[in-house]
Each structure stands twice: as structure tokens, then as C-alpha cells.
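Trainee: I should like to learn how to read several features of a fold. May we work through them one at a time?

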Amino acid sequence: MYVSKEAHYSLQKIGDIQNIETRIIDTLEMGQMDTEDLKRKMSSKSPALVAVAIGGTFKGAIDDQSAISDAIAQVNPPAVYKHLDAALFGGYLPFLKDETARHIVDAKKSGFDSVAVSGHKFLSMNEPIGIFICRKEILGSVNENPVEYLNGTIPTLNCSRSGFDALKLFWRIKSLGEEGLREEADHTLAMAELFYNTLKSAGVECWRNPYSDTIIFRRPRREIIKNCGADMVISVHQNFYPDGTRRGAQVFFRKGSESGKRLAICVQERLNAMPSATNSAQPLIGDYYMLQCTEAPSVIVECGFLSNAEDERLLLTEEYREDVAYAVFAGAVNYFT
């Protein structure tokens, strides 16, 4: 298996569990797989399973599928399987107006064999849900052993499955519809673009990959971290909750992190002071993965509830987006002053 060092750690974990030889491929500066390194490390004598990252974990980079295909063709292994890890990006890329973006997750255009998408990320389900989509011939290969007492074969990769999760996901997709998903996809990237431009206009050195909702900052020097603590993590999201009456911007911080709490208060105060604020909230403790990733002050900012009709309407307006982007920026600045 060939996987880039910027891809999600679960891919390497799968290789270990399945006892597959895994070769880690270097990446370019912005996080894309280095296809020259792929050619150097790929064997021409063994079948190749290539894990393509569609949105790296920290930089939001999208591996170049065309360049990967060219590298494979030059090495010419006896068999090839290309899988797309599109946990977050796979939820919104198909609905963007940009045709090039849609082609990334179009098997007919890009020639991949399967794709994995998370139902609990862009699609906003309230518990982990994994979606695996593959070509029909791939599905057929796992259906060759019928189960006698079930009078047929089981078209799933494992034996445990939740029919209720599938129903919830179906409800989510159908209730939004194609147009609703398109609006949320455009909104997600518009918010990232606004925050990025706000930072750039203030002279903050940062980067953003195409079609990514992730903004990249240069890692501060060790002495700056030690002497000034000049490092933070701000993860920006749109909220979703089964109770459609909940609304407003909300900030979360990690329990026990005093610096995270102070940062959360700074950002929440700015959000509460927005002319377009819908309520006055207090920052809350949150037990979320993003808050456990670092000892640096870190917060999650939920800009509003997509499950509330009024909040959704606001989130789709440029004025509210600008208010939120500036409030988050100003709160971060206040933390340091």
C-alpha cells in the first residue's frame, strides 16, 4: 500500500491490521503526495493499493490523481487499486459549482476504484458514520460466499451494521436536497475564504489549498512558543442539532485548559457583540477530538446552527459571514493583548 505522510493516520493503521506492506510517500510543501517519490518507492513486481488523500488532515491538500496515474503507468505494477480518502471533502466537492472540483470525486473522470466519506463531517450526522462507495465489480468480489441461513450474500464489508444510521443519513440528504447541499458547500468554502482574506489583510502569514476549508499557519519558532506562547488552534464549523430551536454562535474549549478557556472567552465575547448576533452565549467545555490534539490554547467555533432556519438564512448572507470572520479574528487578537 502506498500512502502519503500527510494522509490520515487510519490508513497506515489499516495496513498494519491487514499485514500489508505500507510504503510512506513524501509530500510537497503544501501537503500533496510527491509523485516523484511515489515512482521511486513503487514496485513494478507487486500489486499496488494507492490511498489518495482528498483533503489531508492538517493542510487540506488534495493529491493530484492525474499525476498519480502517470506515475503508476510509468512503473506499471501488475495490478492497481486506487482508493480515495475523502472523509470531509467528499461531502461537499460533488456540490460545488466548479466543474473541476466535482471531477475530483467523479469516478468516470478520475478513474478511482472506491471512495470513503464521513457522514458525521460535512453531512453533520450526530455520531460517526462511514460511507464506502465502490465500483460494482468491486462489490461483486465480496459477494462470492453466500450465507446459508440468510439465504444469500451480505453486501457489506463487516457483519455489524446499523440500519438506523443509514435511515438518518438518507433523511439528512433528502431533507436538504441537492440545492440545499450546494448552498451549504458554497457557504463552507466562502467562510474559509473570508477568514483567510481577513488574516491576510492583517498581515498574518497563512496559506490555503484549493477547495479546502483549512487555513495553514507557519509553525512558530521554539523560542517564540516558549517565551510568548504565540500559538493557538481555532477550528471553525457550522453546527447541527436535532432540536431545530437551538441557534447562535458558540465557542467550545477543552476541560482543564485555562489558556483555551481564556481564548474561548475572547472569541465568544466578540461573537456576542456582533451587530447580527442572535443571542448572548457563554463558552462551553467540549470533549471533541480537535481540542485534544494540542496543549496549545485551542477552541472550536460553531458559527451557527444549520438545523435552525433563521441561522441557516443568516449563514448564507455575506454580511453575517463577514461579521463572524472578523469576530473570530478580533477575539484571537484580543487573546494576545
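Trainee: How many disulfides does the structure hold?

Mentor: A disulfide is a covalent bond between the sulfur atoms of two cysteines. This is a predicted model, and the structure holds 0 disulfides.

Trainee: Is Cys266 buried or exposed?

Mentor: Burial is read from relative accessible area, with under 20% counting as buried. Cys266 has a value of 17%, so Cys266 is buried. Cys134, at 24% relative accessibility, therefore counts as partly exposed.

Trainee: What is the strand order in the open sheet of 4 strands?

Mentor: The order is β9-β12-β10-β11, and the pairing is mixed. At the edges lie β9 (233-239) and β11 (284-285), each of which pairs on one side only. Between β9 and β12 (residues 298-305) there are 6 bridges, and these two strands run parallel. Within this pair, Val233 is opposite Ser298 of β12.

Trainee: What should helix α12 span, given its 19 residues?

Mentor: Helix α12 (residues 318-336) should span 27 Å, because each residue contributes 1.5 Å. Its end C-alpha atoms lie 28 Å apart, which agrees.

Trainee: Which residues of α12 are buried, and what covers them?

Mentor: An α-helix has 3.6 residues a turn, so residues three or four places apart point the same way. In α12 the buried residues include Tyr320, Val324, Ala327, Val328, Gly331 and Tyr335. Arg321 and Asp323 are also among the buried residues of α12. Their cover includes the helices α8 (163-201), α10 (258-272) and α11 (309-315), together with the strands β9 and β12.

How values were computed:
Residues numbered from 1 in each chain as written. Predicted model: local features only at pLDDT ≥ 70, side-chain atom pairs only at ≥ 80, totals over all residues. Heavy atoms only, no water. Pairing = 2+ DSSP bridges. Expected span 1.5 Å × (residues − 1). Buried < 20%, exposed > 50% of the residue type's maximum accessible area, 1.4 Å probe, protein only. Contact = heavy atoms within 4.5 Å. Disulfide = S-S within 2.5 Å.
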